[in-house]
Amino acid sequence: MKKLLFLLLIAITTIANAKNVVVVGLWPLPPIVSLLSDANLTLIPKASYSAMEHSLIKKYRPGYQKAILANNPNLEELILLNADLYICGISNIKICQGLKAANLNVIELTTNIDSYNSKLTLAHWLKELEKHFDISEKSRSIIEYISNIENQIKTATANAKKPTALIIHRIDKDNITSGILMTIL
């Protein structure tokens, strides 16, 4: 059933015109662009490629395999790609400003909406992508689905004791060098 729904999602996915898209940084974004549009991913981060290679995207939307892989491309290389749309992380100030100064079509996205709230960050990304792709109905449906799941979890765990967790960011050999201790809300 899940495969059928996934195929249906792909079958009904359309945009006005296919665009050559460059994604600088923002490694979770290329799979989203790939699934919701028929954009040609011209350049993507290496981590995006790896994630897409190990997902259903490889089978149903393999066009990303032709993309150039780059974690830190330089501005000149990006400009030479002559893409229809450049998407960069707002924290990559020099690249974003350089692309804008070259009068290219640039979307600047952030990963920090409301203290890294993943749903709100995704909503921000989708809202910005809607300006370039015909995905508004799908975007609304995705955010609504996430909200429904959040509400179900909130209802089911309303009286549960909140656990404390250690979120480990980095382990070097046998030492934890970075982590956060927090109570899960």
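**Exercise 1. Work out where Thr-42 sits in this predicted model, whether Thr-42 is buried or exposed, and which residues Thr-42 touches.**

Step 1: find the element. Thr-42 belongs to strand S2, which covers residues 40-44.

Step 2: check the accessibility. Buried means under 20% relative accessible area. Thr-42 comes out at 18%, so Thr-42 counts as buried.

Step 3: list the partners, skipping residues up to four places away in sequence. Thr-42 then touches Asn-20, Val-21, Val-22, Ala-67, Ile-68 and Leu-81.

**Exercise 2. Find which residues of helix H3 are buried, how they are arranged around the axis, and what covers them.**

Step 1: H3 runs over residues 46-53, and Ser-48, Met-52 and Glu-53 are buried there.

Step 2: look around the axis. These residues cover an arc of only 130°, which means they are on the same side of H3.

Step 3: look for the cover. It includes helix H2 (29-36), strand S2 and helix H4 (57-60).

**Exercise 3. Sort the residues of helix H6 into buried and exposed, and say what the buried ones pack against.**

Step 1: in H6 (residues 93-101), the buried residues are Ile-95, Cys-96, Gly-98 and Leu-99.

Step 2: seen down the axis, they fall within an arc of 165°, so they line one face of H6.

Step 3: go to the other side of H6, where Lys-94, Gln-97 and Ala-101 are exposed.

Step 4: the buried residues of H6 pack against S1, helix H5 (75-80), strand S4 (85-89) and strand S5 (106-109).

Step 5: read on past the helix. Asn-103 follows H6 and has a positive phi, near 60°.

**Exercise 4. Count the disulfides and say which residues are joined.**

Step 1: a disulfide here needs two cysteine sulfur atoms within 2.5 Å. Cys-88 and Cys-96 form one, with S to S at 2.0 Å.

Step 2: the count comes to 1 disulfide.

Step 3: Cys-88 and Cys-96 are both buried, and Cys-96 is one of the buried residues of H6.

**Exercise 5. Describe how helices H7 and H8 pack, and which residues meet.**

Step 1: take the geometry. H7 (residues 118-130) and H8 (residues 136-156) pack at an angle of about 170°, with axes 9 Å apart.

Step 2: classify the angle. Angles over 145 degrees count as roughly antiparallel, and H7 and H8 are therefore roughly antiparallel to each other.

Step 3: name the residues. From H7 come Lys-119, Leu-122, Ala-123, Leu-126 and Glu-130; from H8 come Ser-136, Ser-139, Ile-142, Ile-143, Ile-146, Ser-147 and Glu-150.

Step 4: sort them by class. The contact of H7 with H8 has 6 nonpolar, 3 polar and 3 charged residues.

Notes. Residues numbered from 1 in each chain as written. Predicted model: local features only at pLDDT ≥ 70, side-chain atom pairs only at ≥ 80, totals over all residues. Heavy atoms only, no water. Buried < 20%, exposed > 50% of the residue type's maximum accessible area, 1.4 Å probe, protein only. Helix = DSSP H or I, 4+ residues; strand = E, 2+ residues; numbered from the N terminus. Contact = heavy atoms within 4.5 Å. Axes fitted to C-alpha atoms, helices over the stretch in contact; angles between N-to-C directions. Parallel < 35°, antiparallel > 145°, perpendicular 65-115°, else oblique. Nonpolar A, V, L, I, M, F, W, Y, C, P; charged D, E, K, R; others polar. Arc of directions from axis to C-beta.
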